[in-house]
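Colleague: I'm new to this one. Could you walk me through how to read it?

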Amino acid sequence: MRPIRVLIVEDSLVFRELLVQTINRDPAIQVVATAKDPYEARDAIIAHKPDVMTLDVELPRMNGIEFLRKLMPQYPLPVVVISSLSDKVFDALNAGAVDFVAKPAISNRAQLEDFIKNELLVKIKIAFTAKISNIKKKVKIAEEQQLSTTRKNLIVAIGASTGGTEAIFEVTKGYGTDIPGIVVVQHMPPGFTSMYAKRLNDECRIRVKEAVTGDVVRPGHMLIAPGGDKHMHLVKVNGEYQVEIKAGPKVNGHCPSVDVLFESVAKVAGPKAVGIILTGMGGDGAKGLLAMRRAGARTIGQDESTCVVYGMPKVAYDLGAVQYQEKLADIPQRTYALLNKM
């Protein structure tokens, strides 16, 4: 099988050369061209037809986000953004990028090479499998007060990875303030989850924040697990749901892990929960969703036709963890329908 053909768009000559040298050591990937600005990148795309592009956000002559917005309608291809700690990365994802990596604030060459090998190369390989046509799916906005139930202690748990930032965003916009409390794990580097939560809070009808230990899971509110080295667990204190953020080893290669959250929801909420697994590479969340279903929870998996990467939902479906496979656009309505039966 031929290697994945990559175009690197990076204005720093030193970092660009380091990317080329390190990436080309992987026999599964070949850097076919480099560019220091979007104009050179456009010409390289036409000339070399890369499979994947890595893109710095801050570029001369035109920033990476504007370039993406112009590029994707004409030359759609998987893009992995390399970004410093900035909420601009979410504008890039909204413009059509598949995923991003956080550019390390280090100058040590060995550490930079380690970042490229252990983070960027993985993202490039995942992006190569992504379905670009599924990145900009929109959901139907659910009407307010769709819940007929007055039962308390209902909860919604969501897990996602590659493609999940936009998928969660679209699903969240479909929920009204009557939705029960929501807990979320989205695989994301540390520092970005607080900015992501603020973005959702500003643009959706429900309240959204990055979770801290002791946060109460309230109706019309969403708590997002912080990126880093801690897992989020659901606990019950004095009859109400709260979250606990505590350190632990990676599970399925991730921290926070969707499995850890879902397994705690299965244990604490049992049949009073709805579990939702969205687009993402790998199998994190599948066993946890199965535990939720066995505990009596209702479960939803995003279908293959709307996933950017049909990995996590597929593993969950194959395990028998998914009761309802839904297109992204239909997940809010299905959530309400299941909650109304509780």
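This is a predicted model: local features need pLDDT of at least 70, side-chain atom pairs count only at pLDDT 80 or more; totals for chains, interfaces and linings use all residues.

Colleague: What order do the strands of the open sheet have?

Modeller: Strands are DSSP runs of E, at least two residues, numbered from the N terminus, while helices are runs of H or I, at least four. Two strands pair if DSSP finds at least two bridges between them. Here five strands run β2-β1-β3-β4-β5, with parallel pairing.

Colleague: Why is one side of β2 and of β5 left without a neighbour in the sheet?

Modeller: β2 (29-35) and β5 (99-102) are at the edges, so each has a single partner strand. Further in, β1 (residues 4-9) and β3 (residues 52-56) are joined by four bridges in the parallel sense; V6 has V52 as its bridge partner in β3.

Colleague: Which strands does helix α1 touch?

Modeller: Contact means heavy atoms within 4.5 Å. Helix α1 (residues 13-23) packs on the sheet and touches β1, β2 and β4 (79-83).

Colleague: Is V208 buried or exposed?

Modeller: Buried means under 20% relative accessible area, exposed over 50%, and partly exposed in between (1.4 Å probe, protein chains only). V208 sits in strand β8 (residues 207-210), and its relative accessibility is 7%, so V208 counts as buried. Leaving aside neighbours within four places in sequence, V208 contacts A197, L200, N201, M222 and I224.

Definitions and conventions:
Residues are numbered from 1 along each chain as its sequence is written. Side-chain values use heavy atoms; hydrogens and water are left out. Axes are lines fitted to C-alpha atoms, for helices over the stretch in contact, and angles run from 0 to 180 degrees between N-to-C directions.
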